Amino acid sequence: MKNLNIRASKLLFVRSVVIVCLLVAVMPVMLVQAAPNVRYYYESRGDVVWEAPSKEKQVALTFDDGPDPTDTPRILDLLKKYDAKATFFVMGRKAEEHPDILRRAAAEGHELANHTFTHRMLDSSFTAEQIRKEIVDTQETIFAATGVRARLFRPPGGLFNPE
Ligand SMILES: [Zn+2]
């Protein structure tokens, strides 16, 4: 039974890493294809980070859409086992429900980042004020739970526009 749990944990970890790698590999391509000059414009302003060039073989682990009461503690256990750090792009609504998980992630040295409050796609149906509220409410929720001021924001689906 324990071996099954370890195998399931390893599978979850590998699956998560694969998903992250796919997102990292595919999302920038999707965004750049949608707007070829936009990437360089925002990168030069320091507003958007698509990649962090390095001569070393490195990978940045990021996990979105939590905290989840089942998956996030298992991910944290695996990260601890391998002495690895990650960035958790959290939803404010879930962070409100599971502040203890956020506190654990912060205490174990992981970065907490903003992934909106509701995870609705911030498309043209949103006003600027509604988008601002999604971001600010999540910032406040993360801060209230952990004392951390999130420095990164990832929009659901990678949606953005020049404004
Ligand atoms: Zn997401």
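1. Ala-150 touches Leu-112, Ala-113, Asn-114, Gln-139 and Ile-142, leaving aside residues up to four places away in sequence. Two residues touch, or are in contact, if their C-beta atoms, placed from the backbone, lie within 7 Å. Ala-150 sits in the segment after H6. Ala-150 and Leu-112 are 38 residues apart in sequence, and their C-alpha atoms are 5.9 Å apart in space. Why does Ala-150 count as buried? Ala-150 is buried because 21 other C-beta atoms lie within 10 Å. The cut-offs are these: buried means 20 or more other C-beta atoms within 10 Å of the residue's own, exposed means 12 or fewer, and partly exposed is in between, with C-beta atoms placed from the backbone.

2. A word on the model and the numbering. The model is predicted: local features need pLDDT of at least 70, side-chain atom pairs count only at pLDDT 80 or more, and totals for chains, interfaces and linings use all residues. Residues are numbered from 1 along each chain as its sequence is written.

3. Now the overall layout. The protein chain has six helices and three strands. Helices (H or I, at least four residues) and strands (E, at least two) are DSSP runs, numbered from the N terminus. Along the sequence the pattern reads α-α-β-α-β-α-α-β-α. Of the 163 residues in the protein chain, 19% count as buried. Take the contacts in the protein chain with a separation of 6 or more: residues 24 or more positions apart account for 73% of them.

4. Next, the sheet. Strands of a sheet pair through backbone hydrogen bonds, either parallel or antiparallel. Here three strands form an open sheet in the order S1-S2-S3, with parallel pairing. Two strands pair if DSSP finds at least two bridges between them. Which strands are at the edge? They are S1 and S3 (111–114), and each pairs on one side only. Neighbouring strands of this sheet are turned by 25° against each other on average, direction ignored. Angles run from 0 to 180 degrees between N-to-C directions; axes are lines fitted to C-alpha atoms, for helices over the stretch in contact.

5. Look at S2 and S3. They pair in the parallel sense over four bridges. Val-90 stands opposite Asn-114 in S3. Helix H6 (residues 128–146) packs on the sheet and touches S2 and S3. The direction of H6 makes about 155° with that of S3.

6. Then the nonpolar core. Such a core is a set of buried Ala, Val, Leu, Ile, Met, Phe, Trp, Tyr and Cys residues joined through C-beta atoms within 7 Å. The largest one has 18 residues. Which of them touch the most other members? They are Phe-88, Val-90, Ala-95, Leu-102, Ala-105, Leu-112 and Ile-142. H3, S2, H5 (99–107), S3 and H6 each supply at least two residues of this core. S2 gives the most, with four residues. Phe-88 touches Phe-63, Gly-66, Ala-105, His-110, Leu-112 and Ala-113, not counting residues up to four places away in sequence.

7. How do H5 and H6 meet? Their axes come within 9 Å and cross at roughly 75°. That makes H5 roughly perpendicular to H6. Angles under 35 degrees count as roughly parallel, over 145 as roughly antiparallel, 65 to 115 as roughly perpendicular and the rest as oblique. H5 makes the contact through Pro-99, Leu-102, Arg-103 and Ala-106, and H6 through Ile-142, Ala-145 and Thr-146.

8. Helix H3 has Thr-72, Ile-75 and Leu-76 as its buried residues. Seen down the axis of H3, these fall within an arc of 100°, so they line one face of the helix. The arc is that of the directions from the helix axis to the C-beta atoms. An α-helix has 3.6 residues a turn, so residues three or four places apart point the same way.

9. Last, check the backbone. A cis peptide bond joins Gly-66 and Pro-67, with omega about 0°. Pro-67 lies in the loop between S1 (61–66) and H3 (71–81). Asp-65 lies in S1. Phi of Asp-65 is near 80°, a positive value in a residue other than glycine. Asp-65 counts as partly exposed because it has 15 C-beta neighbours inside 10 Å. Asp-83 lies in the loop between H3 and S2 (86–90). Just after H3, Asp-83 takes a positive phi of about 50°. With 7 C-beta neighbours inside 10 Å, Asp-83 counts as exposed.
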